[in-house]
Amino acid sequence: MSSDAVKKRKPKVVRNEAGTPETKRSRAEGDQVTYPAGPHLIGQRKLITAKNQEVRVYNEEVELEDRDPQQDYMLYKDTCADLAKLMAEIQELKSSGAKVGSVEIEERHRQCSVHFITLKKLNRLAHMRLKKGRDQTHEAKQRVDVLHLQLQNLLYEVMHLQKEISKCLEFKSQHEEIELVSEEEFFQEAPAEISRPHVTRDDNHQLTLARLDWELEQRKRLAEQYKMSLARKEKIQKAIEQKREYLSSLQPGLQNIMQASLPVQEYLSMPFEQMQKQAEVARHLPPPLYVLLVQAAAYGQACDKTLSVNISGDVDEAKALSRRPEDSQEDESDSDAEEEQQNTKRRRATVGVQLEDKRKAMLRRHPLSLCVDLKCKDGSVLHLFFYYLMNLNILTVKTKVSTATDLSGAVSAGELLNSESLLNCLYASDHGKETPNPANRYQFDKVGITTFADYVSDLGHPYVWVQKLGGLQFSSDGAQSELRGSALSASHMEKTMKLLRGRLQARLALHKQFSSLEHSIIPVSSECQHLFPAKVVSGLTRWTMMSYQEFTELGFVQHVLKAGLVCETDLFFMAVVERGTARLLAAVVLNPRYPEVMPLFSLSLHWKGERSGRTEDNLRAMESEVNVFRAELQGPRPGLQLLTNQIQRLCVCLDVYLETESQVCDGSEGPREFPREKMCLRTARGPSRLKPFKYNHPQGFFSHR
């Protein structure tokens with residue numbers, strides 16, 4: 001019998017004893033009916049007499065309380081054994097030839113019926129015991145639930161009291177914001193009627209009240225002094241006004257005197273002394289540095305007053321260089337050839353030392369150099385140090401950044417202001433690792449130099465734009481121009497200076513943004529708030545920097561590498577955006593020409609498995625949202641907040657993806673992991689089931705593109 005059937009079956013607790021119609025009539029007539037009382041079937045009977053009638057009530061519940069379950073179990077086993085025995089005897093009688101209606105078989109049938117009745121009774125008692133046990137268990141569980149509820153109520157009261165206590169302990173009175181005098185000074189200066197040492201030294205509350213009273217007295221005294229000072233100030237101001245009127249009457253005469261002294265100032269060259277000194281030193285500059293000096297000074301005077309140019313170095317050594325670099329280079333090459341012929345039989349160590357000396361002589365810089373300072377509005381300065389390599393006939397540059405504030409907080413921003421990579425790719429594909437002069441290749445072969453990149457850290461970067469600022473142009477340049485010298489420098493000066501200033505501003509802005517990103521904060525400017533919904537649940541949890549090798553080992557960026565969209569000069573970062581159990585990895589490629597070139601994002605989602613833009617269309621659409629729509633994400637010019645806007649849009653797209661994905665894939669009722677909070681016109685579209693990632697402002701809904 002199944003448990004459901006047992007539950008549906010209701011045991012009869014009280015029942016009237018049934019019998020034949022004759023028996024009922026005899027009971028109705030007032031006769032007492034007797035039943036054959038078996039040893040195990042007779043329960044408790046009660047006789048109730050009313051109007052000469054006896055009613056016998058059989059109550060099994062009362063009998064159940066007096067019976068022993070173990071005895072009933074033994075009775076069950078004995079009854080089953082007797083029943084099996086009787087069945088065996090009936091089988092033997094039938095097999096021996098006894099008829100079905102014989103006395104022996106009928107007698108055993110009656111005994112079997114009695115045993116069946118006993119089994120029925122035992123079955124009822126077992127069900128009644130089961131129901132009683134369940135009722136007792138239910139009552140016990142109810143008592144436990146009541147006690148548990150009381151415990152929860154007590155714990156809630158305890159928590160509420162603890163909160164109230166903590167509020168009281170954390171309460172800050174307004175007097176705490178007042179800077180009171182120290183206790184020693186208070187007891188020394190305050191009068192006895194206010195300080196009351198006999199009371200306040202032992203009672204902190206009274207001490208605080210007394211100090212506040214003394215503070216009030218002092219402020220009243222200072223208020224009176226302030227009024228007196230204001231009165232004196234008014235008198236002094238009147239006196240100043242009188243003297244100012246007197247001085248203003250002298251101004252026309254002083255102006256006439258200054259106008260008459262202008263010829264004297266011009267004769268003494270007082271305002272132009274520094275310029276004269278710099279012009280005197282500039283005579284000893286090499287031609288490329290001189291062209292750069294003249295054009296930079298002219299640009300600063302005409303367009304950028306904050307630009308300054310200075311000459312540094314050893315002037316005496318520069319004066320000693322009487323020969324031109326070309327002549328010295330030819331003489332040196334001839335002398336090198338003669339020395340190589342004379343020293344062919346020397347030892348290898350001596351040859352190695354000579355080659356090192358030749359390398360140093362070939363890579364020798366001119367003793368004078370230029371320092372160009374570009375100042376920004378925030379107080380930061382970009383120092384550019386230009387050097388001229390006399391034998392190689394090229395210009396190199398080194399950089400240094402000075403900031404008004406400390407920028408050592410962001411770990412991932414360590415490479416942003418690095419002097420070795422700050423000016424990389426100022427113009428496209430201009431890495432500054434190799435010399436742009438094709439003649440230098442033959443010079444390097446003579447002294448055993450394999451690549452100029454090994455000496456860049458000491459000599460500076462020979463960028464192509466640096467050569468053009470100095471009026472130098474070589475046949476290896478991609479775009480040849482007919483301009484030479486000052487004309488070539490002037491044609492590139494304005495654009496290059498703007499690019500340099502923009503590069504510094506972009507790197508400083510990225511430095512501040514990285515400091516916020518490392519603390520899981522995405523800084524979004526007020527001008528760009530309309531690009532995103534008011535509530536974004538997904539958040540940035542990690543922002544770290546990667547090397548080029550670590551980037552190439554990622555599986556979900558291989559298509560970017562194959563497409564040739566990544567260079568070793570780029571900066572690589574890993575952003576982790578999480579919401580609930582979903583974890584989105586974004587490998588970010590930051591081009592040195594940011595924000596002119598957008599950062600490139602590659603995505604990998606870890607949620608119910610791992611998926612990327614190569615395996616799922618929606619992730620590819622998310623990559624498109626952050627990589628393609630520059631006009632939406634750039635914000636106001638110059639678009640320095642482009643990176644943070646891309647990361648914020650990535651968080652918004654992850655919200656839309658998770659909320660619509662859980663709705664599509666999970667058809668079960670009940671709370672979902674990602675409740676739908678974004679308003680979407682359609683959750684999916686097309687055979688690829690693309691999701692609506694486009695945010696529409698000011699309506700506030702998402703739609704498909």
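User: Where does α19 bend, and by about how much?

Analyst: In this predicted model, α19 bends by about 40° at M493. The bend at a residue is the angle between axes fitted to the seven residues ending there and the seven starting there. Helices (H or I, at least four residues) and strands (E, at least two) are DSSP runs, numbered from the N terminus.

User: What ground rules apply to the numbers?

Analyst: Residues are numbered from 1 along each chain as its sequence is written, and side-chain values use heavy atoms, with hydrogens and water left out. As the model is predicted, local features need pLDDT of at least 70 and side-chain atom pairs count only at pLDDT 80 or more, while totals for chains, interfaces and linings use all residues.

User: Back to α19: what span should its residues have, and how far apart are its ends?

Analyst: Helix α19 covers residues 486–518, and at 1.5 Å a residue its 33 residues should span 48 Å. The end C-alpha atoms are 46 Å apart, which agrees. The expected span is 1.5 Å times one less than the number of residues. After α19 comes S520, whose phi is positive, near 60°.

User: How many helices and strands does the chain have?

Analyst: The protein chain has 24 helices and 15 strands. Of its 705 residues, 36% are buried; buried means under 20% relative accessible area, exposed over 50%, and partly exposed in between (1.4 Å probe, protein chains only). Among contacts with a separation of 6 or more, 63% are between residues 24 or more positions apart. A contact means heavy atoms within 4.5 Å.

User: What is the average pLDDT, and where does it stay under 50?

Analyst: The average is 82, and 83% of the residues score at least 70. pLDDT is the predictor's confidence in each residue, from 0 to 100. It stays under 50 over residues 1–52, for which the model has 71 contacts beyond four places in sequence. Residues 344–349 also stay under 50, with two such contacts. Where pLDDT is low, the predicted coordinates should not be read in detail.

User: Where does α9 bend?

Analyst: Helix α9 (residues 204–260) bends by about 35° at Q251, and a proline, P252, follows within four residues. At the start of α9, a side-chain oxygen of D203 reaches to within 3.1 Å of the backbone nitrogen of H205.

User: Which residues of α9 are buried, and what covers them?

Analyst: L207, A210, R211, W214, E215 and Q218 are buried in α9. Their cover includes α6 (183–189), α7 (192–195) and α8 (197–200).

User: Changing topic, is N645 buried or exposed?

Analyst: N645 is buried because its relative accessible area is 0%. N645 lies in helix α24 (residues 642–665), and its side chain reaches the backbone oxygen of L633 at 2.8 Å. A polar contact is a pair of N or O atoms within 3.5 Å; within protein, one must be able to donate a hydrogen and the other to accept it, and residues adjacent in sequence count only if both atoms are side-chain atoms. Beyond its neighbours within four places in sequence, N645 is in contact with V524, C528, L531, F532, L633 and Q634.

User: And what does T660 touch?

Analyst: Not counting residues up to four places away in sequence, T660 touches C680, T683 and K691. T660 is in helix α24 and is buried, with a relative accessible area of 1%. A polar atom of the T660 side chain lies 2.5 Å from the backbone oxygen of V656, and the side chain also reaches the backbone oxygen of Y657 at 3.2 Å. C680 is buried, with a relative accessible area of 11%.

User: How many disulfides are there?

Analyst: The structure holds zero disulfides; a disulfide here is a pair of cysteine sulfur atoms within 2.5 Å.

User: Which peptide bonds are cis?

Analyst: The bond from Y594 to P595 is cis, with omega near 5°, and P595 is in the loop between β10 (582–590) and β11 (600–606). Another cis bond joins R637 and P638, with omega about 5°; P638 is in the loop between α23 and α24.

User: What is the phi of K608?

Analyst: Phi of K608 is near 55°, a positive value in a residue other than glycine. Most residues other than glycine have a negative phi, and most peptide bonds are trans. K608 is exposed, with a relative accessible area of 62%.
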